[in-house]
Amino acid sequence: MVLHLSEHFYKEFMSFYKQLFFSDLPLLTFLDLSHNLMPDVLEKTFLKLSNLQTLYLHHNRIEKIVNKAFESLLQLRNLDVSRNKLKTFTLEMFGGASKFTGNKLRKLNLSNNRLMVLDTSLFSILKNLVYLNLAFVSN
C-alpha cells in the first residue's frame with residue numbers, strides 16, 4: 001500500500017499527524033510526508049507501520065526526531081530526511097543499540113540539515129547501507 005501526503009496544507013496535515021493517523025495502516029509500505037512543514041517527529045507517529053519500506057520526510061521543518069521514533073519500522077529500507085533543520089541524528093531514534101531495527105536500511109539521505117551531532121556508531125550497525133547523502137550538512 002502506498003500513501004502520498006506530500007504538500008498538504010499545514011493545519012489540515014497536522015490534525016492527522018497529531019492524532020496518530022497512520023496507526024490503522026499496517027500494510028503501508030511507502031509513505032511520502034514531504035513538503036508539509038512538520039516541526040518534529042514524535043515517538044508514536046509510525047508506531048504500527050512495521051511493513052513500511054520507504055519514508056520520505058524531506059522538505060519539512062523538522063528540528064527534532066525523538067528517541068524511538070523509527071523503532072517499529074522493521075522493514076525500513078529508504079529514509080529521506082533531507083532539507084530539514086535537524087541538529088542531531090542518533091541511534092536512539094531507532095530505539096538504541098539493543099533494539100536497533102534499521103538492519104535493512106539501504107538508503108539514508110541526511111543532506112541539507114544543520115547537523116551538529118551525528119552518531120557515527122549508527123553507520124557501523126547499518127550493514128546494508130549502500131547510499132548515504134551528507135551533502136550540505138552544516139551547523
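Glutamate 43 sits in the loop that joins strand 3 (40–41) to strand 4; strands (E, at least two residues) and helices (H or I, at least four) are DSSP runs, numbered from the N terminus. The model is a predicted one, in which local features need pLDDT of at least 70 and side-chain atom pairs count only at pLDDT 80 or more, while totals for chains, interfaces and linings use all residues. Residues are numbered from 1 along each chain as its sequence is written, and side-chain values use heavy atoms, with hydrogens and water left out.

Glutamate 43 counts as partly exposed because its relative accessibility is 39%; buried means under 20% relative accessible area, exposed means over 50%, and partly exposed lies in between (1.4 Å probe, protein chains only). Not counting residues up to four places away in sequence, glutamate 43 touches Val66, Asn67, Lys68 and Ala69, where contact means heavy atoms within 4.5 Å. Between the C-alpha atoms of glutamate 43 and lysine 68 the distance is 5.6 Å, although 25 residues separate the two in sequence.

Lysine 68 belongs to the loop between strand 5 and strand 6. With a relative accessible area of 34%, lysine 68 is partly exposed. Apart from neighbours within four places in sequence, lysine 68 is in contact with Glu43, Glu92, Met93 and Gly95. Its C-alpha atom is 10.0 Å from that of valine 41, a residue 27 positions away in sequence.

## Leucine 55

Leucine 55 is part of strand 4 (residues 54–56). Its relative accessible area is 0%, and leucine 55 is therefore buried. Beyond residues up to four places away in sequence, leucine 55 touches Leu31, Phe46, Phe70, Leu73, Leu76, Asn78, Leu79 and Asp80. A C-alpha distance of 9.1 Å separates leucine 55 from serine 34, which is 21 residues away along the chain.

## Positive phi angles

Histidine 59 is not a glycine, yet has a positive phi of about 55°. Histidine 59 is placed in the loop between strand 4 and strand 5, and its relative accessible area of 31% makes it partly exposed.

Asparagine 112 likewise has a positive phi, near 55°, in a residue other than glycine. The loop between strand 8 (107–109) and strand 9 (117–118) holds asparagine 112, which counts as partly exposed at 22% relative accessibility.

## A positive surface patch

Arg77, Lys104, Arg106 and Lys107 form a positive surface patch. Patch residues have over 30% relative accessible area and no salt bridge, with like charges joined within 9 Å and nonpolar side chains (Val, Leu, Ile, Met, Phe, Trp, Tyr) within 5 Å. A salt bridge is a side-chain nitrogen of Lys or Arg within 4 Å of a carboxyl oxygen of Asp or Glu.

Arginine 77, one of the patch residues, is located in the loop between strand 5 (64–65) and strand 6 (78–80). Arginine 77 counts as partly exposed, at 30% relative accessibility.

## The chain as a whole

The protein chain contains two helices and 10 strands. Along the sequence these elements follow the pattern β-α-β-β-β-β-β-β-β-β-α-β. Of its 139 residues, 45% count as buried.

Among contacts in the protein chain with a separation of 6 or more, 63% are between residues 24 or more positions apart. The chain exposes about 7,300 Å², of which carbon and sulfur atoms supply 53%; accessible areas come from the Shrake-Rupley method with a 1.4 Å probe.

Technical notes. Lys and Arg count as positive and Asp and Glu as negative; His and the chain ends are not counted. The place of a charge is taken as NZ of Lys, CZ of Arg, CG of Asp or CD of Glu.
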